[in-house]
Amino acid sequence: MALLDSKVQKTGVFSAGRALLTDKTLRTDRWWLQPLMTFSVLILFVIYATFRAFENKNYFAEPLISPFYSPCLSTVCVEGASHFGTPIGSITLFGLLISPSLFILIFPLGFRMTCYYYRKAYYRSFWMSPPACAVAEPHKKYTGETRAPLILQNGHRWFFYAGLVLNVILTYDAVIAFKNEEGQWGHMSVGTLVLLANATLLWLYSASCHTCRHTLGGRLKNFSKHPIRYKAWTTVSKLNHYHPNFAWVSLFGVALTDVYVRQVASGAITNFYFF
């Protein structure tokens with residue numbers, strides 16, 4: 001066994017006869033373009049989400065509410081925005097009133113930050129680990145997700161469950177959007193379609209998640225004894241192929257939904273009603 005280990009260590013990148021390359025990579029294409037785009041989009045989203053979280057206004061226009069502020073659980077929420085009560089009082093920190101969005105953004109943020117696909121995306125674009133295939137990373141050692149803070153990535157399953165709860169709430173918000181400004185049912189506006197599209201994309205992102213696939217079909221020794229779970233597992237497995245697509249589209253969906261609600265709430269645009 002020791003002899004076998006010795007042979008393994010002398011092959012591949014550990015081989016004594018391997019060429020000593022001084023270049024970071026021999027690739028001649030624009031390999032840096034994809035990590036740069038990923039970095040740019042994610043950092044812009046973080047900046048915008050942070051701005052909206054601390055803006056603490058223009059997040060509700062009857063019957064529309066921004067996904068950044070739903071559920072609005074604080075007593076400082078604007079009138080009509082709290083569909084599930086206000087169990088959280090007004091909290092001031094260092095003289096600043098804490099925005100209601102900060103009480104709930106930790107859960108969708110945690111879900112995306114620990115997502116298997118997003119880990120790959122931001123590990124490559126932010127930490128250059130590695131930045132691209134066949135491109136050497138600048139780090140001298142690799143510890144993976146076995147130490148702090150990356151060991152916290154193992155909490156992805158729990159953020160996934162919290163994300164499902166938020167999906168239910170955002171779906172409820174979309175249903176409420178079938179009311180008009182006077183609270184009467186049976187109406188549909190552009191905002192209704194925006195909130196419906198956002199909720200749908202978030203469900204697709206969650207349903208295509210690797211954790212969802214494992215939750216439905218994992219730890220089973222015999223699929224034939226669990227036909228319902230097997231059917232659900234096969235369906236989710238098909239969606240899983242498109243998980244990166246749903247990850248990006250749903251991210252844009254959340255941001256654009258917030259932009260739309262903000263524009264309506266600020267009076268910049270009018271929420272047009274079809275009927």
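**Rings, pocket and core**

Modeller: Keep in mind that this is a predicted model. Phe51 is partly exposed, with a relative accessible area of 40%.

Biologist: Where is Phe51, and what is about one helical turn away from it?

Modeller: Phe51 is in helix α2, residues 33–55.

Biologist: Is Tyr48 buried or partly exposed?

Modeller: Tyr48 is partly exposed, at 21% relative accessible area. The cut-off for buried is under 20%.

Biologist: How many aromatic pairs are there in the whole structure?

Modeller: A search finds 21 aromatic pairs. Tyr48 and Phe51 form a tilted one, with 6.4 Å centre to centre and 50° between the planes.

Biologist: What about Tyr59 and Tyr69, stacked or tilted?

Modeller: Stacked, because their planes are at 5°. The ring centres are 4.1 Å apart. Planes under 30 degrees apart count as stacked.

Biologist: Where do those two tyrosines sit in the chain?

Modeller: Tyr59 is in the loop between α2 and β1. Tyr69 is in the loop between β2 and β3. They are 10 residues apart, and the pair links distant parts of the chain.

Biologist: Buried or exposed, Tyr59 and Tyr69?

Modeller: Tyr59 counts as buried at 1% relative accessibility. Tyr69 counts as buried too, at 0%.

Biologist: Which residues form the aromatic cluster?

Modeller: Phe111, Tyr117, Tyr118, Trp158, Phe160, Tyr161, Tyr205 and Trp248 form one cluster.

Biologist: What sits over the ring of Tyr205?

Modeller: The charged end of Arg112 does, 4.5 Å from the ring centre.

Biologist: New topic. How much space is in the largest pocket?

Modeller: About 740 Å³. Its lining has 32 residues. Arg112 turns up again here, as one of those nearest the pocket centre. Phe45, Pro108, Leu109 and Leu251 are the others in that group.

Biologist: Which elements give two or more residues to that lining?

Modeller: They are α2, α3, α4, α5, α6 and α9. The largest share comes from α2, with eight residues.

Biologist: How does the lining divide into nonpolar, polar and charged?

Modeller: It has 26 nonpolar residues, five polar and one charged.

Biologist: And the largest nonpolar core, which members touch the most others?

Modeller: Leu42, Tyr117, Tyr118 and Tyr205, out of 18 residues. Tyr117, Tyr118 and Tyr205 also belong to the aromatic cluster.

Biologist: Which element gives the largest share of this core?

Modeller: That is α4, with five residues.

Biologist: Now the backbone. Where are the cis peptide bonds?

Modeller: One runs from Glu62 to Pro63, with omega near 5°. Pro63 lies in the loop between β1 and β2. Another joins Ser129 and Pro130, with omega about -20°. Pro130 is in the loop between α4 and α5.

Biologist: Which residues have a positive phi although they are not glycines?

Modeller: Asn56 has a phi of about 60°, and Asn58 has one of about 55°. Asn56 lies in the loop between α2 and β1. Asn58 lies there as well, between α2 and β1.

Biologist: Is Asn56 buried or partly exposed?

Modeller: Asn56 counts as partly exposed, at 24% relative accessibility.

Note on methods. Residues numbered from 1 in each chain as written. Predicted model: local features only at pLDDT ≥ 70, side-chain atom pairs only at ≥ 80, totals over all residues. Heavy atoms only, no water. Phe/Tyr/Trp six-rings, centres within 6.5 Å; stacked < 30°, edge-to-face > 60°. Helix = DSSP H or I, 4+ residues; strand = E, 2+ residues; numbered from the N terminus. Buried < 20%, exposed > 50% of the residue type's maximum accessible area, 1.4 Å probe, protein only. Lys NZ or Arg CZ within 6 Å of the ring centre and 35° of its normal. 1 Å grid on protein atoms, 1.4 Å probe; cavity = no way out; pocket = protein on both sides within 12 Å on 5 of 7 lines; lining within 4 Å. Points joined across faces, edges and corners; volume = space filled by probe spheres on them. Nonpolar A, V, L, I, M, F, W, Y, C, P; charged D, E, K, R; others polar. Core = buried A, V, L, I, M, F, W, Y, C linked by side-chain atoms within 4.5 Å.
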